[in-house]
Amino acid sequence: MPAASLSSLEALGDQFALNAPVERKRMLVIVNPYATTVSDRLRNLVVYALQGRYDVDAVDTEARDHATALTREAAGEGYDVVVAFGGDGTVNEAANGLRGSQTPLTCLPGGSTNVYARMLGIPNDIVDATEHLLRIADDWQPREVRMAMVNDRRFLFSSGLGLDASVVARVDAHPHLKARFGPYYFAWCGFGEFLGKYVAKPPRLETVTDGGAAIPGVTVLVQKGEPYTYFRKLPIHAAHGARLTDPTLAGVVLRSTRPTVMPGVMYRLFSERAQLARHRQVDGFAGVGDVVVRSVDGRPVPLHVDGDYIGDVTDAAYSVDEKPLFVVS
């Protein structure tokens, strides 16, 4: 990170400390020290800046699911807010620990994409995001959202089976390349997976929503919010009608991955106007409570949640978590 940006963080702390309220909200900052853009110096400067408005404690995660345990403890210890400082995986873990409690979650961008932070309206630049959190201390308005579930695994905004998840699995296998090349490495892996597996022998899936008729396909994307993800600054639009606050799901089923189909699909994913669900080889759904995806031939297919590969499955049952999650942004 440029030295000018780091200096800006230090100046922010001094600026907001001049007019700090007598009573400060207690804030726990959970930091993933291995996230793409996080460093020790950046961590310390962010904490220093936030102390201009909050009573701040900070702790680093040490292993998978550590953030979930930390946020559960924070909810029981009376913190007013928990900040997940890392990528979407860190935010997902933090949310799992806070669901059902009154302690709200917020985020600071530390990953390569930071989808959920952007969905909440938090800037993707760390200086701007820190200033944003400092300013909302004077306009504190937590709101209730819902998480989704697949096979008892909760997620915040998106999940996929098939081609999309295959790309995530390939990217996660090379974290150093993911950190170095970001979305361009995702694109490279996407071409590799498509040409290597999904042209010759794609999986055969069936998707059923709310007990309706089965929809055949080769890839399924399920959303709890919009957009599905980002490519740098560009939002990637898959399904429409998914809202963080609603107890429903939206998604799309891609019927084919033939080379003649994919150019039109890719155009619609990046388009603000041309909806993917209107493509002749895509079926869309929205406002549903349950989605079941099954491998017709029993062949396991990759599954991801919030951009993290979680394994290969033959069945995936989606629903909406009954317990609320509070967020502030």
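Rings of Phe, Tyr and Trp, the last taken by its six-membered ring, are counted as a pair if their centres lie within 6.5 Å, and planes over 60 degrees apart make the pair edge-to-face. In this predicted model, the count by that rule comes to four aromatic pairs. One of them is formed by Phe 155 and Tyr 318, whose ring centres are 6.0 Å apart and whose planes stand at 90°, an edge-to-face arrangement. Because Phe 155 belongs to strand S6 (residues 153-155) and Tyr 318 to strand S18 (residues 315-327), this pair ties together parts that are 163 residues apart in sequence. Both Phe 155 and Tyr 318 are buried.

| Charged residue | Ring | Distance to ring centre |
|---|---|---|
| Arg 26 | Tyr 79 | 4.0 Å |
| Arg 118 | Tyr 230 | 4.1 Å |

Turning to the surface, Leu 234, Met 266 and Phe 270 form a nonpolar patch there, and together they have about 270 Å² of accessible area. Of these residues, Leu 234 is found in strand S12 (residues 234-236), and it counts as partly exposed because its relative accessibility is 49%, a value that lies between the limits of 20% and 50%.

The buried residues of H7 are Leu 163, Ala 165, Ser 166, Val 167, Val 168, Ala 169 and Val 171. In helix H9 (residues 183-198) one finds Ala 187, which is partly exposed with a relative accessible area of 30%. Although Ala 187 and Phe 231 are 44 residues apart in sequence, their C-alpha atoms are 9.1 Å apart in space.

The mean pLDDT of the chain is 90, and 93% of its residues reach 70 or more. Among the elements of the chain, strand S15 (residues 291-295) has the highest mean pLDDT, at 98, whereas helix H1 (residues 3-17) has the lowest, at 69. Where pLDDT is low, the predicted coordinates should not be read in detail.

The backbone, finally, has some features that deserve a separate look. Most residues other than glycine have a negative phi, and most peptide bonds are trans. Against that background, the peptide bond that joins Glu 226 and Pro 227 is cis, with omega at about 0°, and Pro 227 lies in the loop between strand S10 (219-223) and strand S11 (229-231).

Positive phi values occur at Asn 114, where phi is near 60°, and at Asp 152, where phi is near 70°. Asn 114 has its place in the loop between strand S4 (105-109) and helix H5 (115-119), while Asp 152 lies in the loop between strand S5 (143-150) and S6. Are these residues buried or exposed? Asn 114 is buried, because its relative accessible area is 5%, whereas Asp 152 counts as exposed because its relative accessibility is 67%.

Methods. Residues numbered from 1 in each chain as written. Predicted model: local features only at pLDDT ≥ 70, side-chain atom pairs only at ≥ 80, totals over all residues. Heavy atoms only, no water. Phe/Tyr/Trp six-rings, centres within 6.5 Å; stacked < 30°, edge-to-face > 60°. Helix = DSSP H or I, 4+ residues; strand = E, 2+ residues; numbered from the N terminus. Buried < 20%, exposed > 50% of the residue type's maximum accessible area, 1.4 Å probe, protein only. Lys NZ or Arg CZ within 6 Å of the ring centre and 35° of its normal. Patch = residues over 30% accessible without salt bridge, like charges linked within 9 Å, V, L, I, M, F, W, Y side chains within 5 Å. Areas by Shrake-Rupley, 256 points an atom, 1.4 Å probe, with all protein chains shown as cover. Salt bridge = Lys/Arg side-chain N within 4 Å of Asp/Glu carboxyl O. pLDDT = per-residue confidence, 0-100.
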